[in-house]
Amino acid sequence: MAVDTAAPQDELVGFVLGTSDHAGYTIELAQDRRAMASLTLAGLVALVLRPRVALRVLRTRVRPWACRLARRRAAVVTPQRAGPAAAAHVAVMTALAVRPDWRKTGIGVLLVDRFVELVRDAGARWAEAQTSTGPMGATGFYERLGWEAGTQRPAPDGDHVRTYRRGLGAE
């Protein structure tokens, strides 16, 4: 998190959220029934309180999630990793947000740099982030930071996203 300590009540101006081993995190979360139940309940309550969002989720997300769940149930999933993939932890930056009045001040760069430092120290070999390619996206930001642009693809909600990737070897 980035906080404006000069404000009367230390105001949050930005944050970054992610995992240092996305596959490991996903496996662990899927095995934690209490966490899954809690997340499911929170999501359902949020959708009940926002019917327009609920309709959009039903229209764009339910079918892909159901297909993905069916494929996972059909496959044998083992939590242990084997072979070369065992060492290739991929960190995923899930969210990066900076208040509009604090953009272009370097806060986003500092947050990304700190995320990269933390996940590298945790053993990640790569970091990934996704962003919209439209006007609300941050493609230019990641390109200025030297992240490698992947392919653009359509998202279920009709937007287009691009995955950016950065190697975390010694710099």
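Which residue with a positive phi follows H5? Gly123 follows H5, and its phi is positive, near 105°. This model is predicted.

## Overall layout

The chain contains six helices and six strands. Read from the N terminus, the elements run β-β-α-α-α-α-β-α-β-α-β-β. Of the 171 residues, 21% count as buried.

Contacts across the sequence are also on record here. Take the contacts between residues at least 6 apart in sequence: 63% of them join residues at least 24 apart.

## Helices H2 and H3

H2 covers residues 33–49, and H3 covers residues 51–60. Their axes come within 5 Å. They cross at roughly 115°. H2 contributes Leu47, Val48 and Leu49 to the contact. H3 contributes Pro51, Val53, Ala54 and Val57. By class, the contact residues are seven nonpolar, no polar and no charged.

The N-terminal end of H2 is capped by Asp32. A side-chain oxygen of Asp32 lies 3.3 Å from the backbone nitrogen of Arg34. The length of H2 also checks out. Its 17 residues, at 1.5 Å a residue, should span 24 Å, and the end C-alpha atoms are 24 Å apart, so the two values agree.

## Helix H5 and its cover

H5 runs over residues 107–121. At 1.5 Å a residue, its 15 residues should span 21 Å. The end C-alpha atoms of H5 are 21 Å apart, which agrees.

The buried residues of H5 are Ile107, Gly108, Leu111, Val112, Phe115, Val116 and Val119. Why can residues three or four places apart point the same way in an α-helix? An α-helix has 3.6 residues a turn, so residues at that spacing point the same way. The cover over the buried residues of H5 includes strands E1 (2–4), E2 (11–19), E3 (90–98), E4 and E6 (160–167). Helix H6 (139–144) is also part of that cover.

Ile107 lies in H5. Its relative accessibility is 14%, so Ile107 counts as buried. Leaving aside neighbours within four places in sequence, Ile107 is in contact with Ala2, Val13, Val98 and Trp102. Phe15 is 92 residues from Ile107 along the chain, yet their C-alpha atoms are separated by 9.1 Å.

Lys104 lies in the loop between E3 and H5. Is Lys104 buried or exposed? Its relative accessibility is 82%, so Lys104 counts as exposed. Lys104 has a positive phi of about 70° although it is not a glycine. Most residues other than glycine have a negative phi.

## Strand E4: Thr131 and Ser132

Thr131 lies in strand E4, residues 126–132. Thr131 has 9% relative accessibility and so counts as buried. A polar atom of the Thr131 side chain lies 2.7 Å from the backbone nitrogen of Ala138. Beyond its neighbours within four places in sequence, Thr131 is in contact with Gly137, Ala138, Thr139, Tyr142, His160, Val161, Arg162 and Tyr164.

Which side chain joins that of Ser132 in a polar contact of 2.9 Å? The partner is the side chain of Asp159. The side chain of Ser132 also reaches the backbone nitrogen of Gly134 at 3.0 Å. Not counting residues up to four places away in sequence, Ser132 touches Gly137, Ala138, Thr139, Asp159, His160 and Val161.

## Aromatic pairs

How many aromatic pairs does a search of the whole structure find? The search finds three. One of them, Phe141 with Tyr142, is edge-to-face. The ring centres of Phe141 and Tyr142 are 5.4 Å apart, with 75° between the planes.

Phe141 and Tyr142 are both buried. Ring pairs link Phe141, Tyr142, Trp147 and Tyr164 into a cluster.

Note on methods: Residues are numbered from 1 along each chain as its sequence is written. This is a predicted model: local features need pLDDT of at least 70, side-chain atom pairs count only at pLDDT 80 or more; totals for chains, interfaces and linings use all residues. Side-chain values use heavy atoms; hydrogens and water are left out. Axes are lines fitted to C-alpha atoms, for helices over the stretch in contact, and angles run from 0 to 180 degrees between N-to-C directions. Helices (H or I, at least four residues) and strands (E, at least two) are DSSP runs, numbered from the N terminus. Contact means heavy atoms within 4.5 Å. Ala, Val, Leu, Ile, Met, Phe, Trp, Tyr, Cys and Pro count as nonpolar, Asp, Glu, Lys and Arg as charged, and the others, Gly among them, as polar. The expected span of a helix is 1.5 Å times one less than its number of residues. A polar contact is a pair of N or O atoms within 3.5 Å; within protein, one must be able to donate a hydrogen and the other to accept it, and residues adjacent in sequence count only if both atoms are side-chain atoms. Buried means under 20% relative accessible area, exposed over 50%, partly exposed in between (1.4 Å probe, protein chains only). Rings of Phe, Tyr and Trp (its six-membered ring) pair if their centres lie within 6.5 Å; planes under 30 degrees apart count as stacked, over 60 as edge-to-face and the rest as tilted.
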